[in-house]
Amino acid sequence: MKVKVFDESHEKDLENSINAFLSNTNSDIIDIKYQVAIGICGEEQIYCFSAMVIYSAKE
């Protein structure tokens, strides 16, 4: 079993990164965990979109 972690500042970037990984892997996907974190710096909101793909490499 292996994991791949993705971290992006925009949800579309996260989507593109995960889709690129999934299209280039020949693995069985076990699960995908998704999380959003929001921070505030002054008047600016900072978003962090992350996901962890849990997979098993096919032999």
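Asp31 and Lys33 form a salt bridge in which the closest N and O atoms are 2.8 Å apart; a salt bridge here is a side-chain nitrogen of Lys or Arg within 4 Å of a carboxyl oxygen of Asp or Glu. The structure is a predicted model, in which local features need pLDDT of at least 70 and side-chain atom pairs count only at pLDDT 80 or more, whereas totals for chains, interfaces and linings use all residues. Residues are numbered from 1 along each chain as its sequence is written, and side-chain values use heavy atoms, with hydrogens and water left out.

Asp31 is partly exposed, with a relative accessible area of 28%, and Lys33 is likewise partly exposed, at 43%. In these terms, buried means under 20% relative accessible area, exposed means over 50%, and partly exposed lies in between (1.4 Å probe, protein chains only). Side chains of opposite charge can pair when their charged atoms come close.

The structure holds 2 salt bridges. Glu15 and Phe49 are 34 residues apart along the chain, and their C-alpha atoms are separated by 9.6 Å.

The secondary structure of the protein chain consists of 1 helix and 3 strands, in the order β-α-β-β from the N terminus. Helices (H or I, at least four residues) and strands (E, at least two) are DSSP runs, numbered from the N terminus. Along its principal axes, the C-alpha trace spans about 50 × 20 × 10 Å. The radius of gyration of the protein chain is 14 Å, whereas a compact globule of 59 residues would have a value near 10 Å; the radius is taken over C-alpha atoms, and the globule rule is 2.2 Å times the number of residues to the power 0.38. Of the 59 residues, 19% count as buried. Among contacts (heavy atoms within 4.5 Å) between residues at least 6 apart in sequence, 59% join residues at least 24 apart.

The protein chain exposes about 4,500 Å², of which carbon and sulfur atoms supply 48%. Accessible areas come from the Shrake-Rupley method with a 1.4 Å probe; for residues, only the protein chains shown count as cover. Tyr34, Val36, Ile38, Ile40 and Tyr47 make a nonpolar surface patch of about 530 Å². Patches are made of residues with over 30% relative accessible area and no salt bridge, like charges being joined within 9 Å and nonpolar side chains (Val, Leu, Ile, Met, Phe, Trp, Tyr) within 5 Å. Strand 2 (residues 27-41) contributes the largest share of this nonpolar patch, 4 residues. Tyr34 is located in strand 2 and is exposed, with a relative accessible area of 52%.

The structure holds 0 disulfides, a disulfide being a pair of cysteine sulfur atoms within 2.5 Å. Cys41 is in no disulfide, and its nearest cysteine sulfur, that of Cys48, is 15 Å away. Cys48 is also in no disulfide and is partly exposed, with a relative accessible area of 27%.
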